[in-house]
Amino acid sequence: MFFEALPPDMVTILRGGSSWDIYATGEVDLKDGETLELLLAEQRIPDGSELFIDSSGGSLVGGMNLGRVIRAHGLITHVGKKGPRERDFQNTLDGECMSAAALAFLGGEFRFVSGKSKYGVHRFTLNDTSPRAADDAQVLAASVVEYIRSMDVDVELFSLASDFPSDDIFEVPPDTMKRLRVVNNGIKAAKWTTESYDCMLYLKGERDTIYGIQKFMLVFPSKGNMFFYVIFGGGKDAESILQMETDQLSIDDEIIPLHELRVSRVNDNGLINAMYQVTPVILGKLRTAKLIGYHLQYSTLAAMFVGFDSFPFEEGAAKLAGLIDVFFRERGLDEWTLPPAT
């Protein structure tokens, strides 16, 4: 492949960013991972930069090696090719990412296939001549499956690819790419856990996004009433964000004002940390919630908000039932009435 690295354009700089644009074009070869690693070091390209791939395929092993280098440096992958530069803004055109290049693409921490760009797979076969490239279909299949799994992509992608011979290409539809996590459009899957700390049980939801980490925690203390805690990235605008006086919790399609329930809001090294009381009504709605969100705005009429939205909660709701049972069994119902599921 040919790699071209461009420093941040004016739009990126004005937004406070430092990421470079790297364009990778042509056939994937066995040494592309080493080539990219050297380029990143020589140009001092920061982790988290953007890599645009336009390739019809090439070396299977080379594609996986390249994907591992991409992941090691937290690069964001796109399907696309270099377009014209206009008024200090670098344009990107639609491209294609096929076969071995499709495996390299999976190395991106965050992955995008936008516009009319195409992502395609077929039955993977070894086309390397190195001694290590054993002509063993079972070893090949196992290595590809393990690679796909290590990139947090559903291994059903391998099954889909296996249905198409090596001289054909299956262009994966957008809905299928999203379902299999081939693309995540800047938002990784949410993970829900139940944990304990300092005489407290809590339910924690966490997901990593291109905008930073997002957390929602529902806390059940040994003394006092329960509360919930929100964390998200505010970056260089964190102090300005704290000036927003309108805070809301969204549960499915309902918006719940939080101003009177606010306990605290602070900036912790660019991370907004906010704590709120939990009412019986909120707890009741959370028991059957599918999606939650947290919004900060200057007013309810403001068109934009900061925080997060569409945070999947179904897994959290399933774990919440057990925590509620433990909390009220230990504490009794003196202070609260167990809210009904709504």
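Predicted model: local features only at pLDDT ≥ 70, side-chain atom pairs only at ≥ 80, totals over all residues.
The structure I am showing today holds twelve aromatic pairs, where a pair means that the ring centres of Phe, Tyr or Trp (its six-membered ring) lie within 6.5 Å, with planes under 30 degrees apart called stacked, over 60 edge-to-face and the rest tilted. Residues are numbered from 1 along each chain as its sequence is written, and side-chain values use heavy atoms, with hydrogens and water left out.

Let me return to the twelve aromatic pairs. One of them joins Phe-232 and Tyr-294 in a tilted arrangement, with 6.1 Å from centre to centre and 55° between the planes. This pair links distant parts of the chain, since Phe-232 belongs to strand 14 (residues 227-233) and Tyr-294 to strand 19 (residues 291-297), 62 residues apart; strands here are DSSP runs of E with at least two residues, helices are runs of H or I with at least four, and both are numbered from the N terminus. Both Phe-232 and Tyr-294 are buried, a word I use for under 20% relative accessible area, against exposed for over 50% and partly exposed in between, with a 1.4 Å probe and protein chains only.

Tyr-294 also forms a tilted pair with Phe-308, at 6.3 Å centre to centre and 45° between the planes. Because Tyr-294 lies in strand 19 and Phe-308 in strand 20 (residues 306-312), this pair ties together parts that are 14 residues apart in sequence. Phe-308 is buried, as is Tyr-294, and both belong to a cluster linked by ring pairs, whose members include Trp-192, Phe-216 and Phe-313.

Strand 12 (residues 200-209) contains Lys-204. Is Lys-204 buried or exposed? Lys-204 counts as buried because its relative accessible area is 15%, and its side chain is joined to that of Glu-195 by a polar contact of 3.4 Å, meaning a pair of N or O atoms within 3.5 Å, one able to donate a hydrogen and the other to accept it, with residues adjacent in sequence counted only if both atoms are side-chain atoms.

Elsewhere, strand 3 (residues 50-54) and strand 4 pair in the parallel sense over four bridges, with His-78 in strand 4 as the bridge partner of Phe-52. Strand 4 (residues 76-79) is covered on both faces, with Ile-76 and His-78 buried on one side and Thr-77 and Val-79 buried on the other.

Finally, the cysteines. How many disulfides does a search of the whole structure find? The search finds zero, a disulfide being a pair of cysteine sulfur atoms within 2.5 Å. Cys-97 counts as buried because its relative accessibility is 0%, whereas Cys-199 counts as exposed because its relative accessibility is 61%.

Methods: Pairing = 2+ DSSP bridges.
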